[in-house]
Amino acid sequence: MAAQNAVPPLPPIPDTLPTDQFAVDTSVPPMPAVSGAESPAGPDSAWLAPADKPSQTAAAPETPALEGPPVPLPPVERLSKAESGGNPATDDGKPITLHLKNADLGAVLNTFAKFSGLNVVASEKIRGLVSLNLIDVPWRRAFDTLLEVHGLAMERHGDVIWVAPLAELAAREKLRFEAHARAADLEPLGSRTFLLRYPRADDVRKLLTGSGSQRVLSKRGSVMADSRTNLLFVTDLEARIAQIADLIARIDKPTPQVMIEARIVEGEAGFSRNLGVKVSLTATGDSPRGIVGGKEGAVYDLSARPIAGFDAATAGLTLFAAQATRLLNVELSALEAEGRGQIVSSPRVVTADRVKALVEQGTELPYQAKVGNGVSGVQFRRAALKLEVEPQITPHGRVILDLDVSKDSVGEQTAAGPAINTKHVQTRVEVEDGGTVAIGGIYSADERNDVTGVPLLSKVPLIGWLFRHDARRTARSELVIFITPHIVPSG
């Protein structure tokens, strides 16, 4: 978190710092270049190179390799960026023309100081020769290029610019931070009590005492939470307590709430029709001759079957002759059924932003199941209407919903127990406040036409219907799930 890396302001830089241990020692006497100083031996003597080469220092102890920085490094301070705000299109100063060969680096810095009118202080660690051939180059850009090529850095203090090797400036910064860290270990601690209105004190305590880089408190800080009064007691450095107070002020706010309403609409429509014929022969005497029918004199029975427990309507016709020993009975049957149904389930729940909520209603059904070692027992399975949702309110007033909706019902009975008919939708949608969206639907249609009849005779035109049974069935079902979120106004 941002509060973890924030520290109190650094103390001022000491007048003298032991930086020699971090820099390379040389055998050449120092030659600082100060603005406004004239060369005592004329213009040419300023570019004479030193006769001796720097000597090598003792081997430094090995240090572990540095890991990559957690955040991008800030850019190195440069004169052109300080003057023009980092915009290369702006003026980088009046042009300068230089033709130098093997000139001393400190003398070149002195030349820039005289040309620009700035006060330049060069570190005694600056050594080396430089050759320049610049023609009408903006002097700030030329100055920055000189620093880049020779691995130098600068610090600006008002009208004074201090130029030194990068290693020397890094050593000074290291000493400043170490001194600041030691001062933080000795600084007295302060205490403060926070009364939390909306979040739980224990949740905020866990937030402040996270592990590793997630910790907001300093290494000397501590925090206690009282769940009864919802108070938070913080002990830490004064600067860190101020940062924690700002953090608590940002999170101690009411959480928006959302009411989610689901409408599960199930519609069914069915149509069935049965048409059939039964033909039988009945004897009129004690010794009938000729064609004999089967059971109860039936020749063939293609009667209409019952639908939903209702028998078909019948109409009979008897044909006979005066000298006949048989009576021909023709029985027509017909039955038709049509039904429509609709089930609307509307679960709803209110929950806070980014908090999962669940509402459920149903029945637990028993069934036989093996529980182990060949032993069977009774277990229960739930057939319920369930709405599980986690809302997220966007900055634009819309609502993102993680939804899990299921609608189970009791199905057919089996030897192991009742079957469960399941309807389940799991999805993630974004809806405007008060808007309605259909998150899913299932449509099914079943059409069936069965014909049972006497071979050949059932296909004779006009009279073929007397020798066949017609059954027609049509069933349609549809399931649609609608979701409507409403952001509950605060207050």
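In the predicted model, helix α7 buries Arg240, Ile241, Gln243, Ile244, Ala245, Leu247 and Ile248. This helix comprises residues 238-251, 14 residues in total. The distance from the first C-alpha of α7 to the last is 20 Å, close to the 20 Å expected at 1.5 Å a residue. An α-helix has 3.6 residues a turn, so residues three or four places apart point the same way.

Helix α4 spans residues 139-149. Buried positions in α4 are Trp139, Arg140, Ala142, Phe143, Asp144, Leu146 and Leu147. Just after α4, Gly151 adopts a positive phi of about 65 degrees.

Among the strands, β17 (residues 409-414) is paired with β18 (residues 417-421) in the antiparallel sense, with 4 bridges between the two. The two strands form a hairpin, in which 2 residues separate β17 from β18. Thr414 is placed opposite Gly417 of β18.

Ile463 counts as partly exposed because its relative accessibility is 44%, a value between the limits of 20% for buried and 50% for exposed residues.

Technical notes:
Residues are numbered from 1 along each chain as its sequence is written. This is a predicted model: local features need pLDDT of at least 70, side-chain atom pairs count only at pLDDT 80 or more; totals for chains, interfaces and linings use all residues. Side-chain values use heavy atoms; hydrogens and water are left out. The expected span of a helix is 1.5 Å times one less than its number of residues. Buried means under 20% relative accessible area, exposed over 50%, partly exposed in between (1.4 Å probe, protein chains only). Two strands pair if DSSP finds at least two bridges between them.
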